[in-house]
Amino acid sequence: DTINANQAELINLKRDLTTVQEKLTDQNTRLSSAEATWQMAENLYRTLADQVREHSYDIKDLNR
């Protein structure tokens, strides 16, 4: 009985490990996606800030 119980426990542990690995992979994928989104937002912010700066220089030139 002890051997059968240990085998059943081992099967359960393998199943649980597989489940945890799948969830960890999913979380890593989501984290990578979030990091990519954050980098894209930072790049867009820099681009917009540069454009605003250029427009402000153009406005100053027009006012002269």
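**Exercise 1. Is D50 buried, partly exposed or exposed, and what is its relative accessible area?**

Solution. Start with the ground rules. This is a predicted model, in which local features need pLDDT of at least 70, side-chain atom pairs count only at pLDDT 80 or more, and totals for chains, interfaces and linings use all residues. Residues are numbered from 1 along each chain as its sequence is written, and side-chain values use heavy atoms, with hydrogens and water left out.

Step 1. Set the classes: buried is under 20% relative accessible area, exposed is over 50%, and partly exposed lies in between (1.4 Å probe, protein chains only).

Step 2. D50 has a relative accessible area of 37%. D50 is therefore partly exposed.

**Exercise 2. Describe the fold and the overall dimensions of the protein.**

Solution. Step 1. Count the elements. The protein has 1 helix and 0 strands. Both are DSSP runs, numbered from the N terminus: helices are H or I with at least four residues, strands are E with at least two. Helix α1 covers residues 2–63.

Step 1. Check the extent. The C-alpha trace spans about 95 × 10 × 5 Å along the principal axes.

Step 2. Compare with a globule. The radius of gyration is 28 Å, whereas a compact globule of 64 residues would have one near 11 Å. The radius is taken over C-alpha atoms, and the globule rule is 2.2 Å times the number of residues to the power 0.38.

Step 3. L24 and A41 are 17 residues apart in sequence, and their C-alpha atoms are 26 Å apart. Q51 and A5 are 46 residues apart along the chain, with 69 Å between their C-alpha atoms.

**Exercise 3. Describe the surface of the protein.**

Solution. Step 1. Look for a buried set. Buried residues make up 0% of the 64 residues.

**Exercise 4. How many salt bridges does the structure hold? Locate them.**

Solution. Step 1. Count the charges. There are 8 positive and 11 negative side chains, and the centres of the two sets lie 4 Å apart. Lys and Arg count as positive, Asp and Glu as negative; His and the chain ends are not counted. Each charge is placed at NZ of Lys, CZ of Arg, CG of Asp or CD of Glu.

Step 1. Apply the criterion. A salt bridge is a side-chain nitrogen of Lys or Arg within 4 Å of a carboxyl oxygen of Asp or Glu. The structure holds 3.

Step 2. Take R15 and D16. Their side chains meet at 3.5 Å, N to O. R15 is partly exposed at 49%, and D16 is partly exposed at 36%.

Step 3. Take D26 and R30. Their closest N and O atoms are 3.2 Å apart. The two residues are 4 apart in helix α1, so about one helical turn separates them. D26 is partly exposed at 35%, whereas R30 is exposed at 55%.

Step 4. Take R53 and D50. Their closest N and O atoms are 2.7 Å apart. Both lie in helix α1, 3 residues apart, about one turn of the helix. R53 is partly exposed at 40%.
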